[in-house]
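This report covers helix packing, a salt bridge, a pocket and a cavity. The sequence and structure are shown first.

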Amino acid sequence: MEYNYSDIQMLIVDEIEENLHLDYKDGRALCKDDKKRMEITKDISAFANSDGGIIVYGVTEANHKPVGVAPVDGSIYTKEWLEQVIQRISRRIKDVKIYPIRIDGDITKTIYVVKIPVSNDCPHMAEDRRYYKRFNFSSVPMEEYEVRASFNKKLSPTLTIEDCVFYQNNDEEEEYVEYNFKAYIYNDSNNVGDNYKLNAIFCEDFGKCSFSYNPQEERLSYTILHRFRMKVAMPSKEYIYPYETVEVGHFKIKVDRSYASTYMDNLVIELNLYYQGGSYSAMYIPKSDELITDETRMKSLTEQSTNRINKIISIEKEEKEKTDYFDK
């Protein structure tokens, strides 16, 4: 995943507000002053001690909404310099990603997008020897009991959705198209995952589909949340040992052949993985075989899907009203 200047402009135009997982910082926040360096370690450790997130250095905000860019001189405050500051955090945070964005290719006009994962090694201590967490729009000191509780996270696994498969499984002569779904869950930790659940929400017209599963998947269940939202629940049935992957799902969806093309063109699958000590969300697009984890893009896809469904419902309602009128 890479970021570019258009992503920053989109945040500003759409007025994406700061939240538990997103923070904007003026470029002046990156400074070689001791106090400023401490603030960097404070903010980044707070995200790692909470639920992870993104800090954008080089964007000004007002009332927690982005209002413009205030870039940093990337020739002075380099990516390597920022990495060294982040390494002052104790214990070191794994997999922090820094994405430099050069406005018009000018290194002196740089925006840094820093992506901080939720950490299984918390609590992480800032340079002022304090522990911080995210609260609303801010980084605040952790209470003593919160510090103690966070040590227990080291005993929990870190599970992620590694991949999904959605494929056709019958010939072209039948009146329906049968699709199979499988997902792969990966344990990225030294702890055994023994209690987890994956929910897959299919955002398409379920009125033209049917659902079934193999006998060995008897623990699966599905719920019609809405005509355009079906949730399939896949609870754990085996342990996930450290750094191993398990396969879940193995269910089938049959779609009327006359609708199959439309179904595949528009299908979006929301994925929510819950496990002891954490959660993981993603979206899967079968048509492009793409697994998406970026929060901004997932939000955009959800909005697009919702708008499409609302439009269909509105058109159907208008047609029904016309039919009822002429039937009188």
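## Basis

The model described here is predicted.

## Packing of α2 and α3

Helix α2 spans residues 34-49 and helix α3 spans residues 79-86. The two pack at an angle of about 70°, and their axes are 9 Å apart. Angles of 65 to 115 degrees count as roughly perpendicular, and α2 and α3 are therefore roughly perpendicular to each other.

On the α2 side, the contact is made by Arg 37, Ile 40, Thr 41 and Ile 44. Helix α3 contributes Trp 81, Leu 82, Val 85 and Ile 86. By class, the residues of this contact of α2 with α3 divide into 6 nonpolar, 1 polar and 1 charged.

## Salt bridges

The count of salt bridges comes to 16. Side chains of opposite charge can pair when their charged atoms come close. One of the salt bridges joins Asp 43 and Lys 25, whose closest N and O atoms are 3.2 Å apart.

Asp 43 lies in helix α2, while Lys 25 lies in strand β1 (residues 22-25), so the pair ties together parts that are 18 residues apart in sequence.

## The second largest pocket

The second largest pocket has a volume of about 220 Å³. It is lined by 14 residues, and those closest to its centre are Lys 25, Ala 29, Glu 39, Lys 42 and Asp 43.

Helix α2 gives the most to the lining, with 6 residues. The lining residues of the second largest pocket divide into 4 nonpolar, 2 polar and 8 charged.

## The cavity

How many cavities of 30 Å³ or more does a search of the whole structure find? The search finds 1. About 40 Å³ of space lies in the largest cavity.

The lining of the largest cavity consists of Phe 202, Glu 204, Asp 205, Phe 206, Cys 209, Met 230, Ile 253 and Tyr 263. These residues divide into 6 nonpolar, no polar and 2 charged.

Technical notes. Residues are numbered from 1 along each chain as its sequence is written. This is a predicted model: local features need pLDDT of at least 70, side-chain atom pairs count only at pLDDT 80 or more; totals for chains, interfaces and linings use all residues. Side-chain values use heavy atoms; hydrogens and water are left out. On a 1 Å grid over the protein atoms alone, a cavity is a set of points where a 1.4 Å probe fits but cannot get out, and a pocket is an open set with protein on both sides within 12 Å along at least five of seven lines; lining residues have an atom within 4 Å of a point. Grid points are joined across faces, edges and corners, and a volume is the space filled by probe spheres set on the points. Ala, Val, Leu, Ile, Met, Phe, Trp, Tyr, Cys and Pro count as nonpolar, Asp, Glu, Lys and Arg as charged, and the others, Gly among them, as polar. Axes are lines fitted to C-alpha atoms, for helices over the stretch in contact, and angles run from 0 to 180 degrees between N-to-C directions. Helices (H or I, at least four residues) and strands (E, at least two) are DSSP runs, numbered from the N terminus. Angles under 35 degrees count as roughly parallel, over 145 as roughly antiparallel, 65 to 115 as roughly perpendicular and the rest as oblique. Contact means heavy atoms within 4.5 Å. A salt bridge is a side-chain nitrogen of Lys or Arg within 4 Å of a carboxyl oxygen of Asp or Glu.
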